[in-house]
Amino acid sequence: MSTDHEDKQIDAATGTEFKGHEWDGIQELNTPLPRWWLWTFYATIIFAIGYCIAYPAIPLLDRATAGVLNWSSRGQLEKDVAAAEAERASVTEELARIPIERLDPESPLMRAAIAGGAAAFRVNCVQCHGSGAAGSKGYPNLNDDEWLWGGDLSAIHYTIAHGIRQPGDEDTRMSLMPAFGRDGMLSSEEIEDVVSYVRVISHQEQPSQSAQRGATIFANNCAACHGANGTGSRAFGAPNLTDPIWLYGGDRATLNETVTNSRRGMMPAWDGRLDPVTIKMLAAYVHSLGGGEQSANVGDPVTSPDAPVAGETEAE
Amino acid sequence: MSTHSDRTGKAQKGGGLYARRADIFPRAVDGFYRRLKWAIMGVTLAIYYITPWLRWDRGPYAPDQAVLVDLANRRFYFFSIEIWPHEFYYVAGLLVMAGVGLFLLTSTVGRAWCGYACPQTVWTDLYLHIERFIDGDRNAQLRLKKAPLGPKKIFKRVTKHAAFLIVAVLTGGAWVFYFADAPTLARDLVAGDAATVAYLTIGVLTFTTYWLGGWMREQVCIYMCPWPRIQSAMLDERSLIVTYKDWRGEPRSRGTKRQSDDPVGDCIDCNACVAVCPTGIDIREGPQIGCITCALCIDACDEMMSKVDRPRGLIDYATLEDCDAERKGAAPVPVRRTIFRSRTFLYFGLWAAVGLGMLFMLGQRTRLDLSVGQERNPLYVQLSGGEVRNAYTVKIRNMETRPRPVRVSIEGLPGAVMWDSLGSDDSAAAALEIEVGPDQVERRRIYVRAPRQGEAPAEFRFRLTSLDGMPAEDIDSVRFDRPGEN
Ligand code: SF4
Ligand code: SF4
């Protein structure tokens, strides 16, 4: 390699001009780029200009240029939504036609309904019932098998459509437990006694004298709705008091509060707020959460013939 | 470096920052390596064009195309092997094999991939042959280039590019058959009702084939392709490369000079090696990045050496180590000593291990798969009867192309019963029987109810058993949660 330090110096081996700088004895050749490289570069510039004209690109003070193709991400979304709705139209029509209790539990239509219901639930119901439908104090857990008003498809559907204690809806679920304490129907001692009794029948306390007194008070005041054994009645939406499931809580203080002031939980009537198909979907979804019961008048039997394999789990 | 000197040094005379491509008119040549190239070209093109048309009977529920990339259903069919998306590690394994294979190939036979099997090389070669067929060999092409634009030149140019385009369309057209049922797609393509994406793909590939094979040619290898950069890092002094044996060839001499008493080398400076080179380089300047080791210069020079009655192999495949030895007067090293050495054995061992490992896994894999996830929202549900219920999402993959009845049962959770979201509490049983469609994933929400015993979460297992007589099972362990003290 030549060590001459002139401008415009030519590398003997390649015939290429040097750039004129050197690091540690290494010099840079001024090797020309291929011409197509240049044209490729021009092409990208032309493409960029074309793109900026066609699509929204250049930011202005309060918005960006719209682009001659009038494309926008929002417009794209609206198109996609419209397309999705058109695709769902057949399911929607089917669901509108078939009465809820006639829905075949094994059908693809039922699956579609459950999926649609899950989506609708996330929008309309999670505020009270929680995202997993597990509820909380005062808001029923929809996963369990305790239903105040019934747990088959049509009962659930009815509850969703007409709500609970909804003023303005004549068909709403309605039950009014008296406020025994506030209205002076029972004394505070009597309330303590009936609470003892309720805790005995729900296996939370051992029998006591207080509970014995409570039994009589229960028979006179509560059995009409909650049944002689305290197992509740769906006709009145009266909860079963003998099981471990409590809407407001089964401890003494909460029960005392319940008997004294009564509870008047409300749920909106979704008829009119949601379209009938969505309400059906919601019913299907809630029914699918695990506690759903068989409709009395369903066309197809639901029970699957699994019985012969029972006992398999005992293998180990 | 000297690639640039050769390719761009000429252009430098025009001056400026950007150099025009110097046209290359490689001369036709015959010889061992040329025939090898023909053979490999024939085989690779045949594989490319014929593969999608091979049939493979997989029964009524799966396509009967031997090699099919079914993007819509996310399946990949390769003869008797069917890959599901969750088995993507087979593809990863193939990539690892390709990587190690590259090490193996390069350390053994240098840039053989570039010279023989690379699609760019294969299609460029094809285009060069078409060009020769229409325009004639090197000299005719040079003459035609200089000739003024007349009817004959226009005719030849139009014919040539039309032929290029036909090859390009056929190339792009063959590609799409890998992604759909070939006969159906062929009919649809002709009738004009194939999917837009098919036409688009054909269009793009037609353009790239025509552009890269018809116009860009060696510039792809020299400027665009990252492969030679990686490969030059993987070559060592014991890898085979195409080498001009300058200690034997220099000083060069033309015919008459050879008669004189000056010491002369074997190279007769006929330029045959330069004339046949598809990348337009002069191999006598030493190893360079523009050389794809296609060995056509070896064929050309061997022919010359035979004519002037000198031993062949003035240009030859050799390792740098051999070059040094031969320069000092040692005898040439037999090729097998170069190919079979510890480094290549190591790479081959690795490569084969990955391959065998994958084959073994392919042999072992079950075509029935269970995966269970516990629902966490809510974790458990207290039931009115005092029991506790947990919910699980159960996925059953039936990877066979026939419907399969299966049983899902529970082990290790005493008293547990289950039902799925299509059934109800009343249908609870110790096991569920489910029919899973062919080549499908059945996803069910399954509820498990068990007596409340203690508070600690219990481990138990779901077992999946096929009921169709073909033994297959799978087990997945999960947790059963219970309420704490309330
Ligand atoms: S120098 Fe020889 S081996 Fe290298 S690309 Fe040219 S013809 Fe092929
Ligand atoms: S083909 Fe052989 S003899 Fe002819 S110029 Fe090339 S190296 Fe020299």
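I looked up E87(B) and R367(B) in this predicted model and found both buried (under 20% relative accessible area with a 1.4 Å probe, protein chains only; exposed is over 50%, partly exposed in between). Their side chains meet in a salt bridge at 2.5 Å, N to O; I took the term as a side-chain nitrogen of Lys or Arg within 4 Å of a carboxyl oxygen of Asp or Glu. E87(B) sits in the loop between β4 (81-83) and α3 (89-109) of chain B, and R367(B) in the loop between α17 (342-364) and β7 (368-374) of chain B, so the pair ties together parts 280 residues apart in sequence. Helices (H or I, at least four residues) and strands (E, at least two) are DSSP runs numbered from the N terminus.

I next checked R397(B), which forms a salt bridge with D369(B), the closest N and O atoms being 2.5 Å apart. R397(B) belongs to strand β9 (residues 388-398) and D369(B) to strand β7 of chain B, so this pair ties together parts 28 residues apart in sequence. R397(B) is buried at 15% relative accessible area, and D369(B) is buried at 19%.

I then noted a salt bridge between the side chains of E411(B) and R461(B) (3.4 Å, N to O). E411(B) is buried at 13% relative accessibility, whereas R461(B) is partly exposed at 23%.

Over all chains, I recorded 50 salt bridges.

Local features need pLDDT of at least 70 and side-chain atom pairs count only at pLDDT 80 or more, while totals for chains, interfaces and linings use all residues; side-chain values use heavy atoms, without hydrogens and water. Residues are numbered from 1 along each chain as its sequence is written, with chains lettered from A and ligands numbered from 1 in the order in which they are written.
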